[in-house]
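User: I would like to go through the labels attached to this model and see what each one rests on. Please set the values against the cut-offs as we go.

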Amino acid sequence: MKNEYNKTIQACFVGYIVQAIINNFAPLLFLTFQRTYDIPLSQITMLITFNFGVQLLVDLLSVGFVDRLGYRFCMVLAHILSAAGLIFLTVLPGILPSAFAGILIAVMVYAIGGGLLEVLVSPVVESCPSDNKEKAMSMLHSFYCWGHVGVVLISTIFFSVFGITNWKILAVLWAIVPLANAMAFTKVPIRPLMEEGETGLSLKELLTMKTFWILLIMMICAGASEQGVSQWASTLAEKGLGITKTAGDLAGPMAFAILMGASRAFYGKYGDRISLDRFMVWSSLLCIASYLGIGLFQAPQLSLVCCALCGLSVGIMWPGTFSKAAAALPKGGTAMFALLALGGDVGCSGGPTLVGFVSELAGDDLKRGILAGVIFPVLLLLGVVLCRKKRQK
């Protein structure tokens with residue numbers, strides 16, 4: 001029975017690669033947008049906020065329609081919207097009176113797809129037969145990282161060979177990935193999240209549970225800890241070291257993504273031998289040290305090493321929180337996964353926005369902005385400790 005769901009799990013893996021494409025392709029073009037369309041840094045920051053803000057809204061609204069429309073229909077729709085947004089990114093800035101408005105519309109379309117993917121992919125994998133759900137969840141989320149690495153590496157090679165001016169061609173090529181996976185989801189088996197006759201917890205029931213609120217805050221901090229560094233890593237490398245865009249992308253976001261993926265793949269393979277609580281505690285402590293290192297080290301090379309270590313430290317945070325939620329609230333259903341995804345996207349939006357805002361106040365000093373973001377891994381560490389105490393009681 002498990003074998004027939006292998007294709008479903010593989011399609012979900014590709015779904016997170018699609019999520020990585022729509023979240024990480026545009027940040028590689030931030031300075032290009034700034035130069036080509038004369039967009040100020042404050043509006044560039046807004047692109048990050050808007051992307052995750054739209055995903056957040058979709059997470060919230062999905063509680064009311066995903067179960068009615070069905071997981072298959074919503075999954076196919078998510079992939080089609082992701083592809084459409086990438087294609088719009090190449091067309092709308094050139095035909096609308098405001099290039100920035102064109103970019104915003106494109107981001108809105110693929111962000112709707114990304115929001116749906118965030119809500120759908122984890123529960124689809126959770127519903128598939130598996131010997132160890134925590135391992136499967138961590139391995140699933142590692143594919144977001146490998147997608148991130150692929151986006152940075154392939155895009156960097158493309159820009160080096162064909163020039164950054166041909167970025168629109170690459171955007172269309174990236175759109176092929178979600179279109180192909182949409183076709184896959186029309187065929188693979190999808191198992192219901194709840195057994196027949198069972199109903200998940202209602203929104204009202206979830207919101208009255210202290211454990212759920214702790215998990216929600218942990219998801220916010222997981223998203224903020226990850227994206228607070230990830231979204232600005234390329235810009236930090238270029239400005240801090242005064243190096244080329246190619247070297248900046250390799251030294252910044254790609255190193256971050258490789259180590260984040262390595263952390264998730266490691267737990268995906270050996271998670272049955274390692275305490276999830278212990279792994280998350282040590283990861284949170286390493287994340288705190290990484291944020292402090294980026295902000296306080298004077299040598300830019302050391303700051304970049306801390307950027308990479310930050311990727312290693314945040315790897316378990318998002319999938320680990322999902323796994324803890326599924327174990328603590330087994331009847332959480334679609335509502336729980338949707339609200340946790342919402343919390344993650346609040347963090348993904350709020351983390352980079354706080355970094356950008358503080359950086360601007362400090363005279364465009366990104367190190368100061370990232371230093372302010374240390375509050376997120378600190379709160380996540382506190383959440384892990386509180387969850388463990390509640391479970392022991």
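User: Why is Leu 41 called partly exposed?

Analyst: The model is a predicted one. Leu 41 has a relative accessible area of 21%. Buried means under 20% and exposed means over 50%, so Leu 41, at 21%, counts as partly exposed. Leu 41 is found in helix α3.

User: Which residues is Leu 41 in contact with, leaving aside its neighbours within four places in sequence?

Analyst: Leu 41 is in contact with Gln 34, Trp 232 and Asp 364. Asp 364 is 323 residues from Leu 41 in sequence, while their C-alpha atoms are 8.9 Å apart in space.

User: What makes Asp 38 exposed?

Analyst: Asp 38 has a relative accessible area of 68%. The cut-off for exposed is over 50%, so the label holds for Asp 38. Asp 38 is found in the loop between α2 (30–37) and α3 (41–69). Its phi is near 55°, a positive value in a residue other than glycine.

User: How do you know that Thr 334 is buried?

Analyst: Thr 334 has 7% relative accessibility. Buried means under 20%, so Thr 334 is buried. Thr 334 lies in helix α15 (residues 333–361). Thr 334 and Ser 62 are 272 residues apart in sequence, and 8.7 Å separates their C-alpha atoms.

User: And why is Ser 122 called buried?

Analyst: The relative accessible area of Ser 122 is 0%, and buried means under 20%, so Ser 122 is buried. Ser 122 lies in helix α5. Not counting residues up to four places away in sequence, Ser 122 touches Tyr 16, Met 137, Leu 140, His 141, Phe 322 and Phe 337.

User: What is the nearest cysteine sulfur to Cys 310?

Analyst: The nearest is that of Cys 287, 4.2 Å away. The cut-off is 2.5 Å, so Cys 310 is in no disulfide. At 0% relative accessibility, Cys 310 counts as buried.

User: What makes Asp 277 and Lys 324 a salt bridge?

Analyst: Their side chains meet at 2.4 Å, N to O. A salt bridge requires the nitrogen of Lys or Arg within 4 Å of a carboxyl oxygen of Asp or Glu, so the pair of Asp 277 and Lys 324 qualifies. This pair links distant parts of the chain, with Asp 277 in helix α12 (residues 276–296) and Lys 324 in helix α14 (residues 317–328), 47 residues apart. Both Asp 277 and Lys 324 are buried.

User: How many salt bridges does the structure hold?

Analyst: The structure holds 2 salt bridges. One of them is formed by Glu 226 and Arg 264, whose closest N and O atoms are 3.3 Å apart. Glu 226 is in helix α9 (residues 210–230) and Arg 264 in helix α11 (residues 245–270), 38 residues apart. The cut-off is 4 Å, so the value of 3.3 Å meets it. Glu 226 and Arg 264 are buried.

User: Which residues have the most contacts inside the largest nonpolar core?

Analyst: They are Phe 25, Phe 33 and Leu 47, in a core of 119 residues. α5 gives the most to this core, with 14 residues. Leaving aside neighbours within four places in sequence, Leu 47 is in contact with Phe 30, Phe 33, Phe 100, Ile 103, Leu 104 and Val 107.

User: Which residues make the nonpolar surface patch?

Analyst: The patch, of about 600 Å², is made by Ile 87, Phe 88, Val 91, Ile 95, Leu 96, Ile 105, Met 108 and Val 172. The largest share, 4 residues, comes from α4. α4 (71–95) and α5 (99–127) each supply at least two residues.

User: Why does Ile 105 count as partly exposed?

Analyst: Ile 105 lies in helix α5 and has 35% relative accessibility.

Key. Residues numbered from 1 in each chain as written. Predicted model: local features only at pLDDT ≥ 70, side-chain atom pairs only at ≥ 80, totals over all residues. Heavy atoms only, no water. Patch = residues over 30% accessible without salt bridge, like charges linked within 9 Å, V, L, I, M, F, W, Y side chains within 5 Å. Areas by Shrake-Rupley, 256 points an atom, 1.4 Å probe, with all protein chains shown as cover. Buried < 20%, exposed > 50% of the residue type's maximum accessible area, 1.4 Å probe, protein only. Core = buried A, V, L, I, M, F, W, Y, C linked by side-chain atoms within 4.5 Å. Contact = heavy atoms within 4.5 Å.
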